[in-house]
Amino acid sequence: MPMTALDIFKLLPKKNCGECGVPTCLAFAMMLANKQAELTKCPYVSPEAVQQLESSASPPMRTVNVGDVEIGGETELFRHEKKFFNQTAYTFIIEDDLDDQSVVERARKLDAMKYERIGIISGVDLIAVKATGDAQRFSDVVTLVNDNSGLPLVLMSNDPKVVEAGLKIVSKAKPLIYAASANNCASMANLAQRYACPLVLYADDVDELVSLSEIAKSEGIEDIVLDLNLGAKPLGHALEWLTILRRLSVKKLFRPLGYPVMVNLDNGTDVETQAIRAVIGTLKYASLIIFSDLDAARLYPLTTLRTNIFTDPQALIQVNPGLYDIGKPNRNSPVIVTSNFSLTYFTVASDIEASKVPARLLVVDTEGLSVMTAFAADKFTPEKIAQALKESKVAEKVDHKKLIIPGMIAMLKMKLEELTGWEVIVGVKDSSALPKYLKELASG
Ligand code: SF4
């Protein structure tokens, strides 16, 4: 458990000298407990106390970088308690027994599996190159994948010599080494240290995993990912252990397991099962999932789920307010008003696109609230719309003064006309009716 202010106070010198910037040691302890002060501000803390206080202050789960992909660093059991920080990294396998052409095609395809939803791009994060043969073939395939994809890599082999052949090609990009087990822990840890790359520790049982973690730590390895073989365990058991591992890490501060946890689904299961297990892993609490394969139709909903889980529940997803051209509007194109809630913006923009009638979309700063919520909260007012209209300088771009507002805020029409001098047209209540409405408007 994190130290309380009283626990911290017991370790302070109790001189009450005020040199730390607050008058008493107790006040300083309270600030430390709330992470509002640095321990270094007190010059009198004993080295033993520094050690105890620093270890309690270090984060419960380490953040690990695989290339430019960050995983772990989580502090909560439940998203609503604060937020989840680093989304589950989806990793797809390329086996080195494919022919060169197939390797290149698959690397390019995985690299291109990206989707945009409400302005967020999501897709495959990592490629795992899996060794099936000798070091030379592995190194050739690592080179091919590296040359044909921008995604960071996982190097998969139980043989340290094979892994090292891959590391010689891509170690600067910090690939993840998969995996050190009881049989090869010392050699793999040695590689991880020499090439400064993160390392997966693999064990079938938690006691063994703890002892591997302690060995790796004693070898100086800090960037560790844990694999408890949960991808091969019954689903209920996997969920239970994912929860236990997260709890041990963030609630019990059990340091040997204070690392991101991964699930490897490359164990002969079909894509349907992999997708189902990935849903569970994304919800609770896998920081990285390896798939043998997954088609776009299954990956897309998974990435949408992931986006929903890993967005900050206290920060609404919003787009920048301003004037957006949809299509290629001319001086007679309609001007339509909406809110800056991301989902509203992208829904309205896509319905305008579907109408094939180019338009200008005036996005008002409603602090990320949807149209009706913003209206109810007094954040979508005639004054705000008038201000946005003025700041957008749309009047200089069109030969008319007609503004279409959402049908649900029809009551703003008169006041808005008064403030702007524009004719305010009450549009449709539901964005899905926009294509038909705009087509009819364009045909006069
Ligand atoms: Fe206490 Fe140290 Fe602050 Fe002095 S500087 S009041 S000893 S915490």
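Searching the whole structure turns up 17 salt bridges, a salt bridge being a side-chain nitrogen of Lys or Arg within 4 Å of a carboxyl oxygen of Asp or Glu. The model is a predicted one, where local features need pLDDT of at least 70 and side-chain atom pairs count only at pLDDT 80 or more, while totals for chains, interfaces and linings use all residues. Residues are numbered from 1 along each chain as its sequence is written, and side-chain values use heavy atoms, with hydrogens and water left out.

Helices (H or I, at least four residues) and strands (E, at least two) are DSSP runs, numbered from the N terminus.

Next comes a helix pair. Helix 12 (residues 342-355) packs against helix 16 (residues 434-442) at an angle of about 45°, their axes 8 Å apart. Axes here are lines fitted to C-alpha atoms, for helices over the stretch in contact, and angles run from 0 to 180 degrees between N-to-C directions. Helix 12 and helix 16 are therefore oblique to each other (under 35 degrees counts as roughly parallel, over 145 as roughly antiparallel, 65 to 115 as roughly perpendicular and the rest as oblique). Val348, Asp351, Ile352, Ala354 and Ser355 of helix 12 make the contact with Leu434, Pro435, Leu438 and Lys439 of helix 16, contact meaning heavy atoms within 4.5 Å.
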